[in-house]
Amino acid sequence: MNTPEDGRKYAPATQRNREPILEVLLQVLPPTGTVLEVASGTGEHAVYFAPRLTPRRWLPTEQNPLLRASIKAWAKEYPSDNLYPPLELDASMASWTVEKDAAPDLPIVAIVNINMIHISPWSTCLGLMAGACRILPPGGILYLYGPFKQNGEHTAPSNAAFDESLRAQNPAWGVRNLQDVIAAATRENMNLKATYQMPANNLSVVFERS
């Protein structure tokens, strides 16, 4: 839903998961540099994380123009000196905007991707891994958050029901198998660093650029 007067959109899950995610990010992110958020959605995470992760800078991106407008509206409501304006970015593409003429002032040292790979085709996950390999320096961090299968099995009945609803909307969507995601990352020189159990049967999955 959105407030018609300013264009801000709301994702209810953001209110529930932002504090647990921030707790992990504070542990795993490099201490300085730019954090690239791929698929920023409404922008609620961006305006929450940016001021709490200084001196790092936060660069939101989003493919959907309506959501980019929402990110701008949230940033206007909650401005932060270390929050960049949102860029258009399609993670499945062979080259990303930030690799060309829209590079941030500080080097990108980490990529954060929340609740994307299960509501996009598998090719988008593969594109995310390839982009992380291209952009991140050695030791750079890729952080994923969302539901995952373990060894091909759902970890909770709620995740199985969610997976079924996703596939009903689009057969190319669905809860991904963690081992498949790790294998895709490994092929792009991204090594699994840690996993964290999160609320509502989600995981934080952290990779490091080798």
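The side chains of Arg8 and Asp6 are joined by a salt bridge with an N to O distance of 2.7 Å, where a salt bridge denotes a side-chain nitrogen of Lys or Arg within 4 Å of a carboxyl oxygen of Asp or Glu. The model is a predicted one, in which local features need pLDDT of at least 70 and side-chain atom pairs count only at pLDDT 80 or more, while totals for chains, interfaces and linings use all residues. Residues are numbered from 1 along each chain as its sequence is written, and side-chain values use heavy atoms, with hydrogens and water left out.

Arg8 has a relative accessible area of 10% and is therefore buried, whereas Asp6, at 28%, is partly exposed; buried means under 20% relative accessible area, exposed over 50%, and partly exposed in between (1.4 Å probe, protein chains only). In general, side chains of opposite charge can pair when their charged atoms come close.

The structure contains six salt bridges, including one between the side chains of Arg57 and Asp105, with an N to O distance of 3.3 Å. This pair links distant parts of the chain, since Arg57 belongs to strand S2 (residues 57-60) and Asp105 to the loop between H3 and S3, 48 residues apart. Helices (H or I, at least four residues) and strands (E, at least two) are DSSP runs, numbered from the N terminus. Arg57 is partly exposed, its relative accessible area being 21%, and Asp105 is exposed at 62% relative accessibility.

A further salt bridge involves Lys193 and Glu208, whose closest N and O atoms are 3.8 Å apart. Because Lys193 is located in strand S7 (residues 190-198) and Glu208 in strand S8 (residues 202-209), the pair ties together parts that are 15 residues apart in sequence. Lys193 is partly exposed at 46% relative accessibility; Glu208 is also assigned as partly exposed, with a relative accessible area of 30%.

Ser80 is placed in the loop between helix H3 (65-77) and strand S3 (108-114). With a relative accessibility of 18%, Ser80 counts as buried. The side chain of Ser80 forms a polar contact of 2.5 Å with that of Asn82. A polar contact is a pair of N or O atoms within 3.5 Å; within protein, one must be able to donate a hydrogen and the other to accept it, and residues adjacent in sequence count only if both atoms are side-chain atoms. When neighbours within four places in sequence are left aside, Ser80 is in contact (heavy atoms within 4.5 Å) with Ala50 and Pro51.
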